[in-house]
Structure formats: structure tokens, C-alpha cells
Amino acid sequence: MTDPNAEGPQIPGLIKRATGAENVGLGTLPRPTAGPDEVIIEVYATGICGTDLHIQDDEFPSLPPVVMGHEVTGRVVEAGPGAEGWLGKRVAPETYFYTCDRCPACLAGRRNLCPTRRSIGSHVNGGFATHVKVPQRNLHEVHPSIGEHAGALYEPLSCVAQCLCDPAVASPGDTALVVGPGAMGILSAQVLQAQGAVVTISGTAADQQRLDIAASLGLAHVLAGDLADVTPEGGFDVVVDASGNERGIDAGLRATRKGGHYVQVGLAGKPIALDIDLICLRELLVTSGFASTPRSWHRVEKLVAAGQVVLDPLVSDVAPLSQWQASFGRTRKADGLKLMLDPRMDGPA
């Protein structure tokens, strides 16, 4: 994949070369070409996700060597036979490059649970490159109201929709708490608000910048230490953990009312201690969701078109691909909200 003597034009990419966090770095690879029902996207932005950090650290499955990045947006610049209608369109793609389409999960529309699925950014070359190849059935046109970088947030929003929609986890008038004011948390809060819930989002003192963004979107916010001051008598009807943090998960479970609904959105990336008796003794309904489905992507299109979820304010910084290390480091420290890499900023390869 990184052979400089390979035929055809070469493009830069951020590559997980082998196991070990030190084996991630910039390299070159042949520019992809589109086969039947495939397209090539010129990448405008790819978001840095917690999953990318887990892949770097070998805490999430991957198949190196592979170009990382799965929160992608850009414009279709090449289309194979059967996909010509997508040429020139600004899109965001679903992440599954391959699923079997035969197993019970696929037949039920749950491609995310296909045992043989291969996803961009972990098993197939992804979006931390100037160009990425995807099947045309993965494509969703980005709404014209969305900025060229914020279109990359369609993918995390689809994961939130997978967890919170169809059926909706909140009803009008419900009280809801979101633990963790990162991008997934603020997206979750907006979706709950669209469902009619009265939403509070909590974070730590280190999250103040993110809480300020939540406040600018009209979301009530609180520091975790002050959570008891805003918890309704008996607890929240719905609690969503978007932190993936052991302490946050524990606080969220304890803040859920008896018979309430707790939703796990964030990934911890490692085993954690959990007081499982809280679930039994409070008769909590506990649900989750893994990645996304075509149904959740169509839900995204409706939420964005209706203006019920806004994306552009969540993009805190955009950097060239060459500055990936600094941007990954900032993401690890929760410095900023959603950081994007735009390969175009480095100029011609």
C-alpha cells in the first residue's frame, strides 16, 4: 500500500501500519480508482473520533496496514459504471465498505452487526487521505445548509440516531441528562431535545469550553460536581452516557430514576468496574447502539433538514493532514470539541 514504485499517481494518507501506537504515521498509497457501483470522494474533511484513538492504541479492531478515518465528507470526483449520478455531489458516506447481505443481521437492515463487515478506516482504507473509495449505496448527500467541514459530523450523528431514535428514547416533557459534553454528547442532547425532552448536559471543569458551546446552542449545562443540584426528585427519566468514562457511567446510572431509561453511547475502550445491582434494584431499561444503520442515516437527513440538529458550531478546529499528531493529542486531552483534518490544506501531494 505504501510502495513508492507502485504504478499510477500516489496520494498521502495517515496509515496504521502495524500493531502498536507508534506504528501510525503519514505515508503514500496509490490513488484509488472506482469500480462498478463505486465512487471516489475528494476528501474535504475527516473528523478525529475517539475510535481513531482506540485504533491507534490497539483498543479497537483494525486490519493494518490501513488508512484511518471514518467520519468523512467531500465531493464525488469519480464514479464507476452505475454510479455516474453521484458525480459532483457533496456527500457523507456510511462506514461499511463490505457486508455479506445474507446473514440475519444484514437481512434485518442491521449491517452494523454483520459478522463479516469491513469498515473504512479500520479494515479498508479510510478518510485520512486526499481521496477515498466507497460503494455508492453508502452515500448520503449533505444538506446545503451544512458547511463543507461539518458534513463529516453526519457519521457521528448517525451513531447517535442509532442509539436514540426508532424508537425514540424520550417523550415530550421527559427530563434527560447527557453525561459528557463532547461531540457525541452535544449531538445526543440535540436529538433528545428534538424528541421533546428537557435536557441537561454535564461535564467536568476541564470541559468548560465544551459546556460553553452547549450553552450557545441553548442547552442547559452543569458541572458534574453540581449534578445533585439539578437532578429532579427521584432522578432523570432518561440518561445518556456519552463520556465512556467509568465515573461518568456510574454517575449516570445513579442519576436515572427507578424504571427509567439509561442509554450507553460512549465507548470506554477497555473493561471497567460497574455496579450492576443499580440496574436490577432500580429496574432500569438499559440500551445502546453500535455504529450506524441505513435507517439511522436517513434519520440524520431528516433531523438536519428540519433544523433540529445543528452541526457547524461543533467544528472547533480544522488542521492539515500533516498536523495529525497535534490534532490527535488535542483530542486526547479534550482540547476543543470536534477536530477535523482537511487534506487539501497541505496543498498538492
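Predicted model: local features only at pLDDT ≥ 70, side-chain atom pairs only at ≥ 80, totals over all residues.
The β-α-β unit comes first. Strand S14, helix H7 and strand S15 make up this unit, and it is right-handed. S14 covers residues 236-241 and S15 covers residues 256-264. The two strands pair in the parallel sense, over five bridges. Within this pairing, Val240 stands opposite Val263 of S15. S15 is also joined to strand S16, which spans residues 285-288. Four bridges link S15 and S16, and these strands run parallel. Here His261 stands opposite Leu285 of S16.

Helix H7 itself spans residues 246-255. Its buried residues are Gly248, Ile249, Gly252, Leu253 and Ala255. They lie on the same side of H7, because they cover an arc of only 165 degrees around the axis. Several elements cover these buried residues. Among them are the two strands of the unit, S14 and S15. Strand S11 (175-179) and helix H8 (277-281) are also included in this cover.

Three other strands form an open sheet. Their order is S2-S1-S4, and their pairing is antiparallel. Strand S2 (24-30) and strand S4 (66-67) stand at the edges. Each has a single partner strand, so one side of each is left without a neighbour in the sheet. Strand S1 covers residues 10-16 and is joined to S4 by two bridges. Lys16 has Val66 of S4 as its bridge partner.

Strand S6 runs from residue 90 to residue 93, and its residues point in two directions. Arg90 and Ala92 point one way. Val91 and Pro93 point the other way. All of these residues are buried. S6 pairs with strand S5 (residues 71-79) in the antiparallel sense, over two bridges. In that pairing, Gly74 stands opposite Val91 of S6. S6 also pairs with strand S10 (residues 139-141), again in the antiparallel sense. Three bridges make up the pairing of S6 with S10. The bridge partner of Ala92 in S10 is His140.

Two single residues were then examined. Ser202 lies in strand S12, which spans residues 198-203. Ser202 counts as buried because its relative accessibility is 4%, and the cut-off for buried is under 20%. Neighbours within four places in sequence are left aside in its list of contacts. Ser202 then touches Leu177, Val178, Val179, Gly180 and Pro181, and also Leu211, Val222 and Leu227.

Asp317 is found in strand S17, residues 315-319. Asp317 counts as partly exposed because its relative accessibility is 30%, a value that falls between the cut-offs of 20% and 50%. Leu341 is 24 residues from Asp317 in sequence. In space, the C-alpha atoms of Asp317 and Leu341 are 8.6 Å apart.

Conventions
Residues numbered from 1 in each chain as written. Heavy atoms only, no water. Buried < 20%, exposed > 50% of the residue type's maximum accessible area, 1.4 Å probe, protein only. Arc of directions from axis to C-beta. Contact = heavy atoms within 4.5 Å. Pairing = 2+ DSSP bridges. Right-handed = clockwise from strand over helix to strand, strands pointing away.
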